[in-house]
Amino acid sequence: MTPEPPPVFPAAFAAQFDTLLRWRRDVRHFRTTPIAETDLHALLETAALAPSVGNAQPWRFVRIRSPGLRARLADHVDAADQDAADAQPDPDRRARYRSLKLHGLREAPEIVAVFSDEAPRAGHGLGRTTMAETLRYSTVMAIHTLWLAARLRGIGLGWVSILDPATVAAMLRVPDDWTLIAVLCLGYPEDPSTVPELERRDWQHREQIADRIVER
């Protein structure tokens, strides 16, 4: 069988890809419009095209469809969020923190928890003998691929990280050798923008890449 030649991506496509990256945002404000099942499954299939160490494909997606479970998860995140606010040492920064909306667990039409299997059969251990954390890095790559695929379809994604991973894992009754990487809110954004919300709210502005490049 003759292998398919690699594609040549024109300059117009490269420009569109750059635009896609700039429109990828961490979304917290969602419309209640549901995501079609076909679109959601397409997103997950695209996420599975991500690279992984040894081709281990360690990502595991848990759709949270129970209203009761969603409410418990939102309550847990709200409590963790309150603790995080209390830990802010500067009173002004603490007040600004409390003014931020940091998740859409109650509004987003889809909630997906993403775990990394720490002992997948696939891959046969290749590439992770000295760096077992590459399994988790691989799962993060799948999340980023999902993020871009979602934005391509006009769907927003919000990564919820203010939580206790062990509590969430127990809540979702997953195997002991799965590690929580992210809880994702998926849905159509209320107010799409190329500017990160935390920048718009004057919490943290984007810094120069030149300040993050070191040569040896």
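Modeller: A residue counts as buried when its relative accessible area is under 20%, and as exposed when that value is over 50%. Please note that this model is predicted. Trp-147 has a relative accessible area of 11%, so Trp-147 is buried.

Colleague: How are the rings of Trp-147 and Trp-159 arranged?

Modeller: For a pair of rings, planes under 30 degrees apart count as stacked and those over 60 as edge-to-face, with the rest tilted. The ring centres of Trp-147 and Trp-159 are 6.1 Å apart and the planes stand at 45°, so this pair is tilted. The two residues link distant parts of the chain, since Trp-147 belongs to helix H5 and Trp-159 to strand S3.

Colleague: Which strand does S3 join, and over how many bridges?

Modeller: Strand S3 runs antiparallel to S4, and five bridges join them. Within this pairing, Val-160 has Val-183 of S4 as its bridge partner. Strand S2 also pairs with S4 in the antiparallel sense, over eight bridges.

Colleague: Why is S4 described as largely enclosed by the rest of the structure?

Modeller: The reason is that eight of the ten residues of S4 are buried.

Colleague: What does the side chain of His-76 reach?

Modeller: His-76, in helix H3, has a side chain that reaches the backbone nitrogen of Asp-164 at 3.0 Å. His-76 counts as buried, with 16% relative accessibility.

Conventions: Residues are numbered from 1 along each chain as its sequence is written. This is a predicted model: local features need pLDDT of at least 70, side-chain atom pairs count only at pLDDT 80 or more; totals for chains, interfaces and linings use all residues. Side-chain values use heavy atoms; hydrogens and water are left out. Helices (H or I, at least four residues) and strands (E, at least two) are DSSP runs, numbered from the N terminus. Buried means under 20% relative accessible area, exposed over 50%, partly exposed in between (1.4 Å probe, protein chains only). A polar contact is a pair of N or O atoms within 3.5 Å; within protein, one must be able to donate a hydrogen and the other to accept it, and residues adjacent in sequence count only if both atoms are side-chain atoms. Two strands pair if DSSP finds at least two bridges between them. Rings of Phe, Tyr and Trp (its six-membered ring) pair if their centres lie within 6.5 Å; planes under 30 degrees apart count as stacked, over 60 as edge-to-face and the rest as tilted.
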